[in-house]
Amino acid sequence: MGDSGVTNSPPGAPVAHGFPHLDTVRSAITALYRRLSADGVRTYATSLAPVDAAFADEDDLHLGAQRVARSLVQHLRLPDARMIVGFRAMEHAASVELTAGPEYFIELNDRFRTHRRDIGAALAHEITHVLLHRLGLEFPGTRANEILTDTTTAYLGTGWLLLDAFREDATSRQKLGYLTPEEFGYVLAKRAFAFDEDPSPWFTSPQAYTAYTKGRQRALDDLRRPPLTAAGWTGRRRYAKDRRYAQDHPGAAPDPSVPYAFETGAEGLRVSFPCPTCHQRIRLPARGRVSARCGLCRTRLECDT
């Protein structure tokens, strides 16, 4: 298998913002739960500590890079994977040759020789490529696969480094990864809700913190959509109207503007909607208040169907 690398925005280039890849991000979270199981994902409930990725200017370049790589390998539970880190002039921020192992050669852009604080971020993405390669988990197409890698990096506790590498001021801009800063914030917030963890104190970049708060707001929206009981009045009213229409018009096509869909079967009207944690679709009878549990991530959901 060939190189897989993390991209970087050229210095001074505009940074894309918003949530253009959200569908792929949500599919990646679902795929991760399906491949690892809920118990497997929970083994990553504690994020990599900032001290384990710290890299001071006075540290030896190669020894420091190997130390950070070992910390990431241990966090991602790749005990027999050995990372050999080198530096060279290249277009991307970093790349790794995906082989059978146990040795993996990671190359970092020469600019990290003098930007050492972001070495951990670049390594986190590449070592997650190794994890996904070993798990046999991939998406079709380079872009979708890189979004899967960024999402996995963030959801398994090392991707806060990638968001913290986002910096933007009057004279320069830097962003690592394929997700936008806000999408990284979204995934980190989904993780925070799942494991009761707050990554915001770890951000050294003010722009990273701002992106996290915007992503967190989008993730909160997932928790407030009907038929969840936490949905707001406007959403509940729309849901009741759509439910009445579905009852009166069996077989009508679902409305793509809402996250839920109704279907009529032998047992009456049912509603399907994405789990706010893992985005696996859940189907329930449309019979009023019910407490349900997602079969994939085991999240308990209070609903009014």
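Is D304 buried, partly exposed or exposed? With a relative accessibility of 21%, D304 counts as partly exposed (buried means under 20% relative accessible area, exposed over 50%, and partly exposed in between, with a 1.4 Å probe and protein chains only). The model here is a predicted one, so local features need pLDDT of at least 70 and side-chain atom pairs count only at pLDDT 80 or more, while totals for chains, interfaces and linings use all residues. Residues are numbered from 1 along each chain as its sequence is written, and side-chain values use heavy atoms, with hydrogens and water left out.

D304 sits in strand β11, residues 300-304 (helices, H or I of at least four residues, and strands, E of at least two, are DSSP runs numbered from the N terminus). Among the residues D304 touches are P227, T229, R236 and Y239, leaving aside residues up to four places away in sequence; contact means heavy atoms within 4.5 Å. The C-alpha atoms of D304 and R113 are 56 Å apart, and 191 residues separate the two along the chain. P227, one of the residues that D304 touches, belongs to the loop between α8 and α9. A cis peptide bond joins P227 to P226, with omega about 10°.

Next come the helices. Helix α3 covers residues 61-75, and its 15 residues should span 21 Å at 1.5 Å a residue; the end C-alpha atoms are 21 Å apart, so the two agree (the expected span is 1.5 Å times one less than the number of residues). Buried residues in α3 include L61, G64, A65, V68 and L72. The buried residues of this helix pack against α2 (50-53), β2 (82-88), α4 (119-135) and α6 (160-164). Just past α3, R77 has a positive phi of about 60°.

Helix α5, residues 142-155, tells a similar story on length: 14 residues should span 20 Å, and the end C-alpha atoms are 20 Å apart, which agrees. Eleven of the 14 residues of α5 are buried, so the helix is mostly covered. Among those buried residues are I147, L148, A154 and Y155. For helix α8, residues 206-222, the 17 residues should span 24 Å, and 25 Å between the end C-alpha atoms agrees with that. In α8, the buried residues include A208, A211, Y212 and L220, and their cover includes α1 (22-42), α6 and α7 (181-195).

What about the core? In soluble globular proteins, nonpolar side chains tend to be buried together. The largest nonpolar core in this model has 90 residues, and M83, L108, I119, L123 and I127 have the most contacts inside it (such a core is a set of buried Ala, Val, Leu, Ile, Met, Phe, Trp, Tyr and Cys residues joined through side-chain atoms within 4.5 Å). Helix α4 gives the largest share of this core, ten residues. I119 touches F55, L61, A65, F87, L108 and F112, again not counting residues up to four places away in sequence.

On to the strands. Three of them form an open sheet in the order β7-β8-β9, with antiparallel pairing (two strands pair if DSSP finds at least two bridges between them). β7 (261-265) and β9 (281-285) stand at the edges with a single partner strand each, so one side of each has no neighbour in the sheet. Five bridges link β7 to β8, residues 268-274, and F262 stands opposite V271 in β8. Elsewhere, β3 (residues 94-97) and β4 (residues 103-109) are antiparallel and pair over three bridges. V96 stands opposite I106 in β4. β3 and β4 make a hairpin with five residues between them, and G101 in the turn has a positive phi of about 80°.

Finally, two loop residues. Most residues other than glycine have a negative phi, and most peptide bonds are trans. D196, in the loop between α7 and α8, has a positive phi near 55° and is exposed, with a relative accessible area of 73%. R298, in the loop between β10 (289-293) and β11, has a positive phi of about 70° and counts as partly exposed at 39% relative accessibility.
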